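Hi everyone, thanks for coming. Let me put the sequence and the structure up on the screen, and then we can walk through a few spots together.

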Amino acid sequence: MKLEFAMPREIQDAQKRNIPLVLAGGTVEYHGPHCAYGCDSLVAEGLIDKLAKEKELLIAPTVHYSPSSYAVGDETSGTVHVEENAFEEYLFYTFYSFLASGFRNIYVVIHHQFEQESLMPMTLSYMKAAKRATMHYMEKTRGQGWWGSEDYASYYANLEGGDNPFGWIKVIPTMSTAVQNATGYDHAGEFESSILMALYPEAVDLSRIDDKYHWFTQSARRANPELGQKMVDASLAYLRKAIV
């Protein structure tokens with residue numbers, strides 16, 4: 001179910017049963033002349049939508065505008081870049097609202113600058129905002145000194161359980177390091193173009209590659225939906241285990 005279509009009864013039921021609340025973190029970013037600007041968002045959304053057909057999820061609206069950076073294209077390229085500190089503040093209030101309303105099983109699934117699960121600015125913004133929101137929520141609801149109270153004497157014994165508040169919001173990639181190594185990973189090249197092609201064929205037009213030369217798009221000439229489907233399958237196998 002989509003969060004924006006849910007009503008109070010559905011929200012309360014999802015929270016009671018600890019259904020995962022899943023948010024796609026993407027960008028509006030230049031991906032060469034042959035890929036849609038929403039490539040990152042579309043890959044994350046497409047995988048989440050497929051997972052939702054086999055596993056019950058509550059899907060939050062995608063966050064598109066983000067710290068995409070101007071590393072690939074400059075300010076005239078069409079990329080929308082939101083400065084990291086401003087983005088983090090936006091996320092902080094979003095995550096705090098989720099926690100305050102009762103969600104305890106939140107996943108942010110990112111497809112942007114996550115090669116080998118490296119911690120780049122956008123990912124760090126999500127991670128920092130998640131921890132800040134959690135700390136703020138705990139201090140507001142349990143008071144200062146909450147962690148040191150006897151209520152949390154079993155904290156270390158429950159690190160892997162649902163009672164650990166710092167596990168309520170998890171930030172994960174669409175493709176783990178193992179999946180990337182098994183299939184391949186790039187920016188608007190053979191691999192990213194293939195997975196986007198498998199999820200949304202209309203978002204890739206290989207006939208446009210020569211509209212403008214880029215070193216990073218040349219391998220996209222080899223992109224194909226068969227490779228893309230292999231990447232989708234591997235990503236879903238990982239996400240099935242990661243989102244519980």
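Here's something to start with: which are the buried residues of α6? Keep in mind as you look that this is a predicted model.

Okay, here they are: Glu190, Glu192, Ser193, Ser194, Ile195, Leu196, Met197, Ala198 and Leu199. Helix α6 spans residues 190–199, and with nine of its ten residues buried, the helix is mostly covered. As for what those buried residues pack against, look at α2 (39–51) and α7 (225–242).

Let's stop at one residue of helix α6, Ser194. Its relative accessible area is 0%, and the cut-off for buried is under 20%, so Ser194 counts as buried. If we skip residues up to four places away in sequence, Ser194 touches Gly189, Ala223, Asn224, Leu227, Gly228 and Met231.

Now over to the strands. β3 covers residues 106–110, and five bridges join β3 to β4, with the two running parallel.

Last stop, the largest nonpolar core. That core has 69 residues, and the members that touch the most others are Phe95, Phe98, Tyr126, Leu196 and Ile243. For Phe98, leaving aside neighbours within four places in sequence, the contacts are Leu3, Leu21, Leu23, Ala60, Phe103 and Ile106.

That's my tour, thank you!

Methods: Residues numbered from 1 in each chain as written. Predicted model: local features only at pLDDT ≥ 70, side-chain atom pairs only at ≥ 80, totals over all residues. Heavy atoms only, no water. Core = buried A, V, L, I, M, F, W, Y, C linked by side-chain atoms within 4.5 Å. Buried < 20%, exposed > 50% of the residue type's maximum accessible area, 1.4 Å probe, protein only. Contact = heavy atoms within 4.5 Å. Helix = DSSP H or I, 4+ residues; strand = E, 2+ residues; numbered from the N terminus. Pairing = 2+ DSSP bridges.
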